[in-house]
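Please read them with the structure open beside you.

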Amino acid sequence: MTFNSQSPVSAAERPGSLLVLALLTPVAGAIAGLLGAIFRLALERGDRLRDALIFWAHGHRTLGFLVLTFSCASAAAMAAWLVHRFSPRASGSGIPQVEAVLEGEQHQATTPLIAVKFFGGLLAMGAGLALGREGPSVQMGASSADTLAKLFKRNLADRRVLLAAGAGAGLATAFNAPIAGAIFVLEELVRRFEPRIAIVALGASSAAITVAHLFLGYMPDFHVQDLAFTRNNGIKLLFFLLGAIAGLTGIAYNHAILGAISAAERLSRFPVELRAAFIGAAVGVLAWFAPALVGGGDPITQRLLEGVGTLSAIPLLFLIRFCLGAVSYAAATPGGLFAPMLVLGAQLGLFFGIGCQFLFSGLGVQPVAFAVVGMAAFFAGVVRAPLTGIVLVTEMTGNVTMLLPMLSACFAAMLIPILLHNPPIYESLKARAVQKALAAR
């Protein structure tokens with residue numbers, strides 16, 4: 001049974017009262033906003049605790065190294081245990097699972113998912129795994145919205161609309177980007193524009209961000225210097241080229257994520273908790289030597305958007321984060337892909353921009369502008385949701401002068417993977433999740 005208005009529908013699939021749905025929408029959005037805001041604050045506390053542990057560990061040499069490594073391994077293992085024991089569908093991003101529910105390929109997971117996603121995500125990201133907060137926020141928002149719909153006895157069609165809107169509200173809260181949250185529902189989750197869905201998505205994201213602002217404040221997540229509008233045709237061509245490179249790199253990242261998951265599954269003779277512990281221990285070792293490189297990556301992105309980076313250092317840092325993101329996702333703990341992708345996109349863009357500034361000194365290249373555009377382009381290359389990526393980066397940076405360059409770059413970043421027949425990452429992950437669920441029956 002698919003979420004498709006063009007096919008014959010049963011009574012359960014016919015839309016109910018729009019007024020009732022509109023009244024439930026702000027409640028669903030507010031719940032998603034509250035959950036997402038508390039989750040963000042808890043993650044910030046977890047990051048501070050990890051930083052304090054790293055500081056302490058460096059003062060105790062061998063003992064500190066062992067304690068740090070063991071702590072990261074234990075936290076990752078505990079996160080994987082929570083998923084395995086209480087809610088297997090809480091593994092990973094959660095977005096593929098939400099899409100599978102909307103398309104009728106899976107049933108919505110039960111309420112314990114919210115607790116597992118919250119505490120499991122907190123443990124995994126607190127351990128320093130390169131995962132995004134948006135995955136838990138999206139799935140918690142979707143699950144809470146579906147619970148609300150069932151409480152008020154809405155039919156299947158209304159439950160799906162409210163579930164999708166709750167997911168979008170979770171994304172809006174995760175990145176302080178309400179418009180991106182609503183667009184995400186239409187472009188990625190349901191993949192069509194329908195006034196009924198648009199109304200609910202907009203209402204839920206608006207309510208979520210209103211609640212979230214009470215806890216998180218009103219400022220964009222990233223501060224970016226003033227960037228000039230692009231008028232030089234040569235620079236416009238460079239943005240297009242950056243998009244093409246981002247598209248090719250996005251293909252490689254998709255293969256890396258799926259390859260890491262396959263490698264982890266080939267080690268199925270070992271308990272999932274042990275596999276997660278091994279990954280957590282490796283992250284702990286990295287945290288000892290380079291504490292700034294672990295975690296979701298927002299501080300890294302902010303430094304890149306301030307222009308901090310060199311041609312010699314960025315490629316190595318990009319390779320580390322590229323591998324860390326794929327390996328972290330294979331740990332089967334709660335956590336998303338968006339935030340790590342934004343880091344990689346900013347790294348790719350800044351490196352390209354610095355190189356262009358060196359090669360074409362007469363064009364007046366602003367490397368930070370390429371970092372901003374790189375975030376949207378890499379997102380489009382991996383997820384194939386360019387409108388979501390463009391609006392998300394625009395809202396997160398509070399910058400509108402890069403809209404046209406982002407359009408050009410995202411065009412190229414979308415075109416290359418499609419011509420090369422590389423599916424979007426969430427489509428691949430959803431297919432794996434559905435296949436795994438069928439095999440488990």
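1. Just after helix α11, G307 has a positive phi of about 85°. The helix itself covers residues 298-305, and I300, T301, Q302, L304 and L305 in α11 are buried. The cover over these buried residues includes α12, α13, α14 and α15 (386-397). Please keep in mind that this is a predicted model.

2. How many of the eight residues of helix α3 are buried? Eight of the eight residues of α3 (residues 95-102) are buried, so this helix is largely enclosed by the rest of the structure. The buried residues are I95, P96, Q97, V98, E99, A100, V101 and L102. Buried here means under 20% relative accessible area.

3. Positive phi values also turn up in residues other than glycine. R191 has a phi near 55° and is not a glycine. R191 lies in the loop between α7 (178-189) and α8 (195-216). With a relative accessible area of 40%, R191 is partly exposed. A332 is another case, with a positive phi of about 65° although it is not a glycine. The loop that holds A332 runs between α12 (314-329) and α13 (338-359). A332 counts as partly exposed at 21% relative accessibility, and the cut-off for buried is under 20%.

4. V383, leaving out residues up to four places away in sequence, touches E188, F338, M341, P424, I425 and Y426. As background, nonpolar side chains in soluble globular proteins tend to be buried together.

5. The aromatic rings deserve a separate look. A pair of aromatic rings is described by the distance of the centres and the angle of the planes. The count comes to 14 aromatic pairs. In one of them, the rings of F175 and F338 have centres 6.2 Å apart and planes at 5°, so the pair is stacked; planes under 30 degrees apart count as stacked. This pair links distant parts of the chain, with F175 in helix α6 (residues 156-175) and F338 in helix α13, 163 residues apart. Both F175 and F338 are buried.

6. What kind of pair do Y253 and F378 make? Their ring centres are 5.7 Å apart and their planes are at 50°, so the pair is tilted. Here too the pair links distant parts of the chain: Y253 is in helix α9 (residues 233-266) and F378 is in helix α14, 125 residues apart. Y253 and F378 are both buried. Apart from these pairs, one aromatic cluster is formed by F175, F184, F338, F379 and Y426.

7. For helix packing, consider α2 and α10. The axes of helix α2 (residues 61-86) and helix α10 (residues 272-289) come within 7 Å and cross at roughly 145°. The crossing of α2 past α10 is right-handed. The residues of this contact divide into 15 nonpolar, five polar and two charged. On the α2 side they are R61, G64, F65, L68, T69, C72, A73, A76, A77, A80, W81 and H84. On the α10 side they are V272, E273, A276, A277, G280, A281, G284, V285, A287 and W288. When reading such lists, recall that an α-helix has 3.6 residues a turn, so residues three or four places apart point the same way.

8. G29 is found in helix α1 (residues 18-58). Is G29 buried or exposed? G29 is buried, with a relative accessible area of 0%. Leaving aside neighbours within four places in sequence, G29 is in contact with A169, A204, A207 and A208. The C-alpha atoms of G29 and T210 are separated by 9.1 Å, although these residues are 181 residues apart along the chain.

Methods
Residues are numbered from 1 along each chain as its sequence is written. This is a predicted model: local features need pLDDT of at least 70, side-chain atom pairs count only at pLDDT 80 or more; totals for chains, interfaces and linings use all residues. Side-chain values use heavy atoms; hydrogens and water are left out. Axes are lines fitted to C-alpha atoms, for helices over the stretch in contact, and angles run from 0 to 180 degrees between N-to-C directions. Helices (H or I, at least four residues) and strands (E, at least two) are DSSP runs, numbered from the N terminus. A crossing is left-handed if the near helix is turned anticlockwise from the far one by less than a right angle, and right-handed if clockwise. Contact means heavy atoms within 4.5 Å. Ala, Val, Leu, Ile, Met, Phe, Trp, Tyr, Cys and Pro count as nonpolar, Asp, Glu, Lys and Arg as charged, and the others, Gly among them, as polar. Buried means under 20% relative accessible area, exposed over 50%, partly exposed in between (1.4 Å probe, protein chains only). Rings of Phe, Tyr and Trp (its six-membered ring) pair if their centres lie within 6.5 Å; planes under 30 degrees apart count as stacked, over 60 as edge-to-face and the rest as tilted.
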